[in-house]
Amino acid sequence: MTKKVLVVDDDPDVRLFNTTVIEECGYSALEAENGEEGLARVKQEHPDLVLLDVLMPRQSGIRLYRELKTDPALAKVRVVLLSGIAKKTFLRSQKALTEFGGAAVPEPEYYLEKPVEPEELARTLKQILG
Amino acid sequence: MAVITISRQHGTGGRALGRMVAQRLGYTLADSEIIERLAKEARVSPRWVESFEKEAGTRMSRFISTMVARKWVDRILKDEHGYLDEQSYLDYLVLIVAQVADEGNVVILGRGSQYILDDHPDARHVLLVDRVDHRVEIVMGRESIPEAKAVQEVAAEDRRRISLYGSLGKSDFDQPLLYHLVLHMGRLDLETACDLVCRLADVGELNSLT
């Protein structure tokens, strides 16, 4: 069965870029334009991988990542974070959210800083999904 | 590449000091910039963020966050494309403060930045305190308001601060151990306070507690 990759990003150009790379790699691409919609699609479609933007309106990628990682039913969904924000900045923000009473979440397995070259994205997808 | 965070009790001249320090060091003063960035990311108006910050931690904002269905908020705020509640405000805030700090050479006013950047290697945390009666005097002079109104304002802001930090699970925000420098503003003029903070920014690597 074709593996499914969900792209969650508010920027339609980024979604188009990501879905094109995903389909070129032979996977099936799903889309959501914010964290809320992303969470609903994860629950409905059970994707094999989520490509998640960090900063988005209407529930950011930070919130969706934390929701996925703290829900036992969803924690195993693999996530690649994509952001214009440096990884160390993201990790500091996560530490602060935990400090402010949020649940501790694992560091992201994969974190790609934008702009991402198509070859790099394709390599990451293949590394994770085979 | 230092980062100065200034936490303050209301009426201690934090904004004026922040402005002076930023100007003298050639740093950016991150105050309205944080509001603007947050508004942009959340796709709401800067005005919404400002009023949200005024209400942050209060019963009203919790009511909005937990009880008011999103669809009703959407109907009311037709011209906004985003949404902000306590949780999403915090999500954006921590990321933006961390981002602003990583850009360096910046003075950040409040917003829990002393916690968010607690172990940031380049951050120097400053707290401004003063006696209540003196803070009331400052507010009276600054805003040309009668004493009774200034007393009310200072008390309300003190309560808001407790409430805001309380919503983050914090009550130790006036503890000196969180800071590199604590300034009693009733005993210092702004110029001297500015000198001290600028000297702190110039100090090289500091001992880290972590």
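The following questions and answers concern a predicted model.

Student: How many helices and strands does the secondary structure of chain A have?
Tutor: From the N terminus on, the elements of chain A run β-α-β-α-β-α-β-α-β-α. The secondary structure of chain A therefore comes to 5 helices and 5 strands.

Student: Why does chain A count as compact as a globular protein of that length?
Tutor: The C-alpha atoms of chain A fill a box of roughly 40 × 30 × 25 Å along the principal axes. The globule rule gives 14 Å for 130 residues. Chain A counts as compact because its radius of gyration is close to that value, at 14 Å.

Student: What is the order of the strands in the open sheet of chain A?
Tutor: Strands of a sheet pair through backbone hydrogen bonds, either parallel or antiparallel. In chain A the pairing is parallel. Strand 2 (28-32) and strand 5 (110-113) of chain A each pair on one side only, as edge strands. The order is 2-1-3-4-5.

Student: Which residue in strand 3 of chain A is the bridge partner of A:V7?
Tutor: Strand 1 (residues 4-8) and strand 3 (residues 49-53) of chain A run parallel and are joined by 4 bridges. In strand 3, the bridge partner of A:V7 is A:L51.

Student: At what angle does helix 5 of chain A run to strand 5 of chain A?
Tutor: Helix 5 (residues 118-129) of chain A lies across several strands of chain A, including strand 1, strand 3 and strand 4 (78-83). Strand 5 of chain A is also among them, and the angle of helix 5 to strand 5 is about 175°.

Student: Which element gives the largest share of the largest nonpolar core?
Tutor: This core has 78 residues, and those with the most contacts inside it are A:V5, A:L52 and B:V97. Leaving out residues up to four places away in sequence, A:L52 touches A:V8, A:G61, A:L64, A:Y65, A:V79, A:V80, A:L81 and A:L82. The largest share of the core, 10 residues, comes from helix 6 of chain B.

Student: Which helix of chain B gives the most to the side that touches chain A?
Tutor: The contact takes 20 residues from chain B and 17 residues from chain A. Helix 2 (32-42), helix 6 (86-103) and helix 7 (113-116) of chain B each supply at least two residues of the side of chain B that touches chain A. By class, that side of chain B has 10 nonpolar, 6 polar and 4 charged residues. With 10 residues, the helix of chain B that gives the most to this side is helix 6.

Notes: Residues are numbered from 1 along each chain as its sequence is written. Chains are lettered from A and ligands numbered from 1 in the order in which they are written. This is a predicted model: local features need pLDDT of at least 70, side-chain atom pairs count only at pLDDT 80 or more; totals for chains, interfaces and linings use all residues. Two residues are in contact if their C-beta atoms, placed from the backbone, lie within 7 Å. Ala, Val, Leu, Ile, Met, Phe, Trp, Tyr, Cys and Pro count as nonpolar, Asp, Glu, Lys and Arg as charged, and the others, Gly among them, as polar. The radius of gyration is taken over C-alpha atoms; the globule rule is 2.2 Å times the number of residues to the power 0.38. A nonpolar core is a set of buried Ala, Val, Leu, Ile, Met, Phe, Trp, Tyr and Cys residues joined through C-beta atoms within 7 Å. A residue is buried if 20 or more other C-beta atoms lie within 10 Å of its own, exposed if 12 or fewer, and partly exposed in between; C-beta atoms are placed from the backbone. Two strands pair if DSSP finds at least two bridges between them. Axes are lines fitted to C-alpha atoms, for helices over the stretch in contact, and angles run from 0 to 180 degrees between N-to-C directions.
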